[in-house]
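Subject: Structure for your files

Hello,

Here is the structure you will be working from. My notes follow below it.

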Amino acid sequence: MASTDTTTAEDAAVKATAEDLAGLEAGLDALDAVRVSRTPVRQVLVQKVLPPVVAVALVLIVWQVLIWAKVTDDYKLPSPSQVWDEVTNAWAQGTLLGYIWTSVSRGLLGFLLALVIGTPLGLLVARVKVVRAAIGPVLSGLQSLPSVAWVPPAVIWLGLDDKMMYAVILLGAVPSIANGLVAGVDQIPPLHLRAGQTLGATGLRGTWHIVLPASLPGYLAGLKQGWAFSWRSLMAAEIIASSPDLGVGLGQLLEQGRETSSMSMVFLAIFLILIVGIAIDLLIFSPLERWVLRSRGLLVKN
Amino acid sequence: MATTTLTKAEDRTAVGHAARIDHVSKSFGGPEGQQLVLDDITLDVAPGEFVTLLGASGCGKSTLLNLVAGLDRPTAGSIETPGGRPALMFQEHALFPWLTAGKNIELALRLRGVPKSDRRQEAERLLELVRLGGAYGKRVHELSGGMRQRVAMARALAQDSQLLLMDEPFAALDAITRDVLHDELTRIWRETNVSVLFVTHNVREAVRLAQRVVLLSSRPGRIAREWTVDIDQPRRIEDTAVAELSVEITEQLRGEIRRHGQH
C-alpha cells in the first residue's frame, strides 16, 4: 500500500484504477471490521446461572437454621420440609398445576388484552400533541396508583367473576405498556426520523417503518413492566375476591391458607406466585429484550 | 478535461437543472427576534454536476441543504428539484440499526415503490456498486465507520433521485478512510451521473471533489464567490493543482471570517 502511495506521478494516479481502489478498500474493511463473538456456554453457566443458584441455596440454609434454632413458633414459620410436603401433597392430588394454570391463563390473557389496548393508546399519546397534553399526565399518574385500589369498585361494578379480574389487570398493565411505548418513541434519535422522512416514510408509513421499530427497546421495557403489573394486580384481585365461580388460583390458595391457619400453604402460594412471575419474565421477556438489543448492537458485553 | 467542463456548462443551459435555488432566504425566530440565516441565495445545480458548498460555522450550509431536501421551508424565495425528492446523506450514517445493511437499502426501494420481487437483487447491485458485495446480511454495528457511510451512500442511491445532497458525510471518518471514500464517491458519481450538492467546511475536500466550489459567507449566509475547478479527475487531495486552488479559496474564506471579528 505504501508503494502505491509514494508513486504519485500523474500517470500512475490515472491508472490508479478501480481495481487498486477495490483492493485498498477491501484491506481497510478487513482492518476495520468489528468482530462480534458470543460468550461460550460454560462462561454463561459460571457467570449467570451459578450466582442465583447459590443465593437461593443460602436462603434455604438460613431458613433451616432459623427452624433449628426455634426462633419462633411452628405456626408462624413452617420448615422448608413442611412446605415441600405441601407441594408433594398438592401434586399428588393433582391440584398443583390447576392452581398455577388458573392464575397464569388469566394473567396472560389479561396481559394480551392490555397489549392490544395499550399499544395504540401509547402510539396516540406519543404522536398526537393534543392527546398527549390531555391524557399523558393521567396515564403516568395511573402507574403510581396501586391497582389493588381498583378491586372494590370493580367488584361492585362487574360482580365477582372473571370480568372483574380482567378489568383490574387492564387498569394495572395498560398504563405501563402505553408509557413504555411513549418513552420508546421519545428516545428515537431525531436523525432516524429525518432519515426516514427523506426516504419518503411519512405519516402512517413513517409510523410503521420507522417509529415502531425504532421504539422497540422502550416498548419492550414497558411490556416487561406491564407483565409485572398484570401479575401483581391479578394476585391482589384473587386474594381479595374469592367466590366458587372464580376457581382456585394462586391468590385464592394464599387466602385459603390464611383462613385455615396453614402457614405452609401460605408459603407455598407465595413461592408459586414468585416463581411464576420470574419464570414468565425469564422465559419470554428477557430473551426477547436481549435479542432486540443484541441485534442492534446495544448489548455491551462485560 | 477542459472539454468535459465545457460540455457540462452547455448541459446546464440546455437540459435545465437538477436543483434551482432562487433568491432563497431563511430566518429563524429566536428570543431576540428574527435571525436571518440565509440571505438571498441563488444557485443552480446542473444535471450530473458536482457542486460543493463551502463555509465556516454559521454560514447556514446545513440549513440550505435541509431546505433543498424539503425538510424545511424557505422564508422567501423558491426551490425546485425537478428530479423528485432529493436523497440526503448525513454526517452520521443514519442507517436503521434494527435492519441489516441490505434491508436498509430495501426499505428505501420499498418506499420508492420498487416491487418486492426486484428489491433483493437491486439491493445487492447497489451494495456491489459501493463494493460491499458481502455485506447484505450484516448488522449496522458490525460495520466499520467507512463501511456504514458506503451503505448509507447505497441507500441514498436506492432512492434513484437525480440529486444527491451530502451534509459533511465524511467529516467523522479517519483521514485514510476519508481519502478512499473521496475516490469512491468520484467513481460512483461518474458511473451514475447523479448531481451532487456536497456541503463541507474542508477546503481541500471541496476542491478534491467538485466541479464547482461555492463559498458562503457567515451570519447571514450569502454566496461570497464561486470557482470552477478545472482539474482532471481522478484527482488526489495531494495534487499541486488542488493545493494551489485550496490556498486561494482558504485566503478568501479567512477574509470572510475576519470580517466578523471587526465589529
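In domain 1 of chain B, 12 residues are in contact with 11 residues of domain 2 of chain B. On the domain 1 side, helix H6 (residues 175-192) of chain B gives the most, with 6 residues. The residues on that side, where domain 1 of chain B touches domain 2 of chain B, are 8 nonpolar, 3 polar and 1 charged. Please keep in mind that this is a predicted model.

Now the chain as a whole. The secondary structure of chain B consists of 8 helices and 9 strands. Its C-alpha trace spans about 60 × 45 × 40 Å along the principal axes of chain B. The radius of gyration of chain B is 19 Å, which agrees with a compact globule, because a globule of 263 residues would have a value near 18 Å.

Two further figures concern packing and contacts. Of the 263 residues in chain B, 47% count as buried. If one takes the contacts in chain B between residues at least 6 apart in sequence, 73% of these join residues at least 24 apart.

Regards

Notes:
Residues are numbered from 1 along each chain as its sequence is written. Chains are lettered from A and ligands numbered from 1 in the order in which they are written. This is a predicted model: local features need pLDDT of at least 70, side-chain atom pairs count only at pLDDT 80 or more; totals for chains, interfaces and linings use all residues. Helices (H or I, at least four residues) and strands (E, at least two) are DSSP runs, numbered from the N terminus. The radius of gyration is taken over C-alpha atoms; the globule rule is 2.2 Å times the number of residues to the power 0.38. A residue is buried if 20 or more other C-beta atoms lie within 10 Å of its own, exposed if 12 or fewer, and partly exposed in between; C-beta atoms are placed from the backbone. Two residues are in contact if their C-beta atoms, placed from the backbone, lie within 7 Å. Ala, Val, Leu, Ile, Met, Phe, Trp, Tyr, Cys and Pro count as nonpolar, Asp, Glu, Lys and Arg as charged, and the others, Gly among them, as polar.
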